[in-house]
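Here are my notes on the model, point by point. Please read them with the structure open.

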Amino acid sequence: MDQTRHPATVIPVGVSACLLGREVRYDGGHRHEPWVTGLLADRFELVPVCPEVEAGLGIPRESMRLEGATESPRVVVIRTRQDLTATLSGWATGRVTELTGLAGFVFKSRSPSCGVMGVPLHGHGDDPLPRGRGLFAQAFMDRCPLAPVVEDTALVDPVQREQFIQRVVRYHRWLRLPATLHRDEETKRRWAETQEALDSVRQGHLIDGEDLFAWMKTWGSDRESDPPPRP
Ligand code: SF4
């Protein structure tokens, strides 16, 4: 993270780890996209996630594919026919609850875990239908239905890339709205109390200046105290 960024302006965005150049693919390779580690990393705090490695499948691992129906696809190891759906879904359900603060996600396309659309779906005769969604991408979208998501292939287009960035910034503002409103309310309350104290002074009542400063120093802390009592 850029240490000069203020925490309130840090915008966390999830990324399929292989797009960052991490060697997490089934064959030990990666799919580094320079604009992810360049442009996006300059704007956002990127949070790498590799569902298959985090779910414990290891590197290298057997290649898998999506099979079955569009609404309930399964992830199956091509060579052994091992069904990994329960392993990956169980892990994803828990992991996405930790990712609800993300302001968006950049997914690797065509992956049975990360693809958002058009993942080849096998089991419909010889030709797979390009209409599946990866299990982790689906879990994230179910948990965070308003979060902007995109596949790496869409962001090759500079226009779509800029649109995604703007959507992420807007969504992040929306995520922070409750905290912002709360902060505004707190500020209003403090200034109203300060105004009351000043009115009291104007009316000839004296308030101990040290008490006033001691109270003001606690603003925003866990120890925030009540305003000094009017005499
Ligand atoms: S596409 Fe997803 S599951 Fe596959 S290597 Fe990349 S991050 Fe891992």
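1. The shell around the ligand divides into six nonpolar, three polar and three charged residues. Here Ala, Val, Leu, Ile, Met, Phe, Trp, Tyr, Cys and Pro count as nonpolar, Asp, Glu, Lys and Arg as charged, and the others, Gly among them, as polar. Its members are Ser16, Ala17, Cys18, Val24, Arg25, Cys50, Pro51, Glu52, Lys108, Ser111, Ser113 and Cys114. A residue is near a molecule if its C-beta atom, placed from the backbone, lies within 6 Å of it.

2. A word on the source. This is a predicted model: local features need pLDDT of at least 70, side-chain atom pairs count only at pLDDT 80 or more, and totals for chains, interfaces and linings use all residues. Residue numbers start from 1 along each chain as its sequence is written.

3. Strands are DSSP runs (E, at least two residues), numbered from the N terminus, and two of them pair if DSSP finds at least two bridges between them. Axes are lines fitted to C-alpha atoms, and angles run from 0 to 180 degrees between N-to-C directions.

4. Inside that sheet, look at β1 (residues 12-16) and β5 (residues 105-107). Two bridges pair these strands in the parallel sense. Gly14 faces Phe105 of β5 across the pairing.

5. The other open sheet to check is mixed in its pairing, with four strands in the order β4-β3-β6-β7. Its edge strands, β4 (73-77) and β7 (129-132), each pair on one side only. Direction ignored, neighbouring strands here are turned by 55° against each other on average.

6. How is β3 joined to β4? A hairpin links them through four residues. The two strands run antiparallel, with five bridges between β3 (residues 64-68) and β4. Leu66 stands opposite Val75 in β4.

7. Strand β4 is largely enclosed by the rest of the structure, because four of its five residues are buried. Buried means 20 or more other C-beta atoms within 10 Å of the residue's own, exposed means 12 or fewer, and partly exposed lies in between, with C-beta atoms placed from the backbone.
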